[in-house]
Amino acid sequence: MAIITTEAIVLRSMDHRETSKLCFFFTKKCGKVIAVLKGIRKDARKFGSSADKCTVNDIVFYQYANSDIHLVGQCDMREFFPVLRENIRKMNAAEYVCELLNKVMPLEEPNPKIYMLLLDFLRALKTEGDVSRLVHMFQIKVLALSGFRPHLDSCLRCGKDIGPRSRFSVLKGGLMCAVCGPRDNDSIAVSPGAVATLLYIEKNDWPSCLKLTMEPSIRKELKNILNNFLLYHLEKNIRSSKYI
Ligand SMILES: [Zn+2]
């Protein structure tokens, strides 16, 4: 058994037995971790946090070698986001990204960049009113950081550079040129502006991406491409995506 101290964001939290909670955390050190907070519902003062969804906590947990479910010894809240209670669109967006990570990320595979992405996303919700833009930024970055990156640099069939009139194949997972694309029944037209936006968000840091404006037509294309790509390649229906 190891004792781990780390920052952790609650992706999902549910009642467990009579008095406890079972939490799916995204931790800075260990990636996604499942752990029980024993007695938290009986004695609210036992932990310095209610371990509610989307809260950021400092936790100490006992990591068992022979189980996927570990035990939290300490949990103290370090940051929470009251704006989520006040704004349903922001709450839906936060729930969506948490559910996405909960489904996509394997257990106990460290990915501190995704931890920071989630934290950046939640913090941006405090001040940014344009929620769908933030969600698209999160989707594009999480695909790149989790190994599900779509092929965007060249035509995935012939390898040539992508020019104007390129198409995106959700099934094959990337862009095709104006010659190969139309031969593929499943591909959809994608504008140069949408391709440029995808590449810009992938390659630039979060603060730079926050300055990017997105035209409604590009936003519509990205929503279509990203939601379908995520659904197809993760093969799991993400319940909260219908609210985004
Ligand atoms: Zn081609």
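Leaving aside neighbours within four places in sequence, which residues is G174 in contact with? I looked this up first. G174 is in contact with P150, H151, L152, L156 and S169. I count a contact when two C-beta atoms, placed from the backbone, lie within 7 Å.

Ground rules next. I am working on a predicted model, where local features need pLDDT of at least 70, side-chain atom pairs count only at pLDDT 80 or more, and totals for chains, interfaces and linings use all residues. Residues are numbered from 1 along each chain as its sequence is written.

**Entry: G174**

I placed G174 in strand β7. Helices (H or I, at least four residues) and strands (E, at least two) are DSSP runs, numbered from the N terminus. G174 counts as buried because it has 20 C-beta neighbours inside 10 Å. The cut-offs: buried means 20 or more other C-beta atoms within 10 Å of the residue's own, exposed means 12 or fewer, and partly exposed is in between. I then checked L152, which sits 22 residues from G174 along the chain. Their C-alpha atoms are separated by 5.7 Å.

**Entry: the open sheet**

I traced an open sheet of 3 strands, ordered β7-β6-β8, with antiparallel pairing. Its edge strands are β7 (174-176) and β8 (187-189), each pairing on one side only. Neighbouring strands here are turned by 35° against each other on average, direction ignored. Axes are lines fitted to C-alpha atoms, for helices over the stretch in contact, and angles run from 0 to 180 degrees between N-to-C directions. Strand β6 (residues 167-169) joins β7 through 3 bridges. Pairing requires at least two DSSP bridges between two strands. In this pair, F168 stands opposite L175.

**Entry: the barrel**

I followed 5 strands that close into a barrel, in the order β1-β2-β3-β5-β4, with mixed pairing.

- β2 and β3 run antiparallel, joined by 7 bridges.
- T27 has G31 in β3 as its bridge partner.
- β3 and strand β5 (residues 69-79) run parallel, with 3 bridges.
- Strand β4 (residues 56-63) pairs with β5 in the antiparallel sense over 7 bridges.
- β4 and β5 form a hairpin with 5 residues between them.

What stands opposite V36 in β5? I found L71. Y62 also stands opposite L71.

Helix α2 (residues 88-104) lies across β1 and β2. I noted an angle of about 115° to β1.

**Entry: the two domains**

I took the bounds from the domain assignment: domain 1 (1-80) and domain 2 (81-244). Such bounds come from an automatic or database assignment. The domain centres, taken over C-alpha atoms, are 29 Å apart. I found 16 residues of domain 1 in contact with 18 residues of domain 2. On the domain 1 side, β1 (2-16), β2 (20-27) and β3 (31-37) each give two or more residues. That side divides into 9 nonpolar, 1 polar and 6 charged. Ala, Val, Leu, Ile, Met, Phe, Trp, Tyr, Cys and Pro count as nonpolar, Asp, Glu, Lys and Arg as charged, and the others, Gly among them, as polar.

**Entry: the core**

I looked for the largest nonpolar core and found 64 residues. It draws at least three residues from each of domain 1 and domain 2. A nonpolar core is a set of buried Ala, Val, Leu, Ile, Met, Phe, Trp, Tyr and Cys residues joined through C-beta atoms within 7 Å. Those with the most contacts inside it are I9, F25, A94, V97, L118 and F121. I followed L118. Not counting residues up to four places away in sequence, L118 touches I9, F26, V97 and L101.
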